[in-house]
Amino acid sequence: MTLLANLLWIVFGGFVLAIEYWIGGLFLCVTVVGIPFGMQAFKLGSFALLPFGKQLRDRPASGVGGLLQLVLNIVWLVFIGLPIAMTHITAAIACAISIIGIPFAIQHVKMVPLALLPFGKDWKEAP
């Protein structure tokens, strides 16, 4: 079922969404300062390509790494995260209009926390 859902997701916009994230990541990687943000965009793109069957999880961070994650998440949230999250929310509302689109709406809602604060988050295959 996960395979079928991922295939439908790719056909009905998941591929375009992933390409957008990857192109954004390439533009962010142009400068040295933008490389961490570009890497997160690549991560978001790979998650957006095949989101069914995956669960988000927080990676534990402490000390300097935790402070760096906080700073990077704040910068990401202000400049990049809010527009991406609003796009996912808008897409979720559009998908939820039909019964067939409800699983896709759920996946868009699942991507909102990752789009808002991607540093320190990862995903794993759902059991």
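This is a predicted model: local features need pLDDT of at least 70, side-chain atom pairs count only at pLDDT 80 or more; totals for chains, interfaces and linings use all residues.
We may begin with the helices. Helix α1, spanning residues 2-28, packs against helix α4, residues 102-116, with an angle of about 30° and a separation of 11 Å between the axes. Angles under 35 degrees count as roughly parallel, and α1 and α4 are therefore roughly parallel to each other. The crossing of α1 past α4 is right-handed. On the α1 side, Ala5, Leu8, Trp9, Leu17 and Tyr21 make the contact, and they meet Phe104, Gln107, His108, Met111 and Ala115 of α4. Eight of these contact residues are nonpolar and two are polar, while none is charged.

In one of them, the ring centres of Phe37 and Phe119 lie 5.7 Å apart with the planes at 90°, so the pair is edge-to-face. Phe37 belongs to helix α2 (residues 35-49) and Phe119 to the loop between α4 and β2 (121-125), so this pair ties together parts 82 residues apart in sequence. Phe37 is buried, at 10% relative accessible area, and Phe119 is buried as well, at 9%.

Phe52 and Phe104 form another edge-to-face pair, at 6.0 Å centre to centre and 80° between the planes. Here the loop between α2 and β1 (54-58), which holds Phe52, is tied to helix α4, which holds Phe104, across 52 residues of sequence. Phe52 is buried, with a relative accessible area of 11%, and Phe104 counts as buried at 14%. Ring pairs also join Trp9 with Phe52 and Phe104 in a cluster.

Terms used: Residues are numbered from 1 along each chain as its sequence is written. Side-chain values use heavy atoms; hydrogens and water are left out. Axes are lines fitted to C-alpha atoms, for helices over the stretch in contact, and angles run from 0 to 180 degrees between N-to-C directions. Helices (H or I, at least four residues) and strands (E, at least two) are DSSP runs, numbered from the N terminus. Angles under 35 degrees count as roughly parallel, over 145 as roughly antiparallel, 65 to 115 as roughly perpendicular and the rest as oblique. A crossing is left-handed if the near helix is turned anticlockwise from the far one by less than a right angle, and right-handed if clockwise. Contact means heavy atoms within 4.5 Å. Ala, Val, Leu, Ile, Met, Phe, Trp, Tyr, Cys and Pro count as nonpolar, Asp, Glu, Lys and Arg as charged, and the others, Gly among them, as polar. Rings of Phe, Tyr and Trp (its six-membered ring) pair if their centres lie within 6.5 Å; planes under 30 degrees apart count as stacked, over 60 as edge-to-face and the rest as tilted. Buried means under 20% relative accessible area, exposed over 50%, partly exposed in between (1.4 Å probe, protein chains only).
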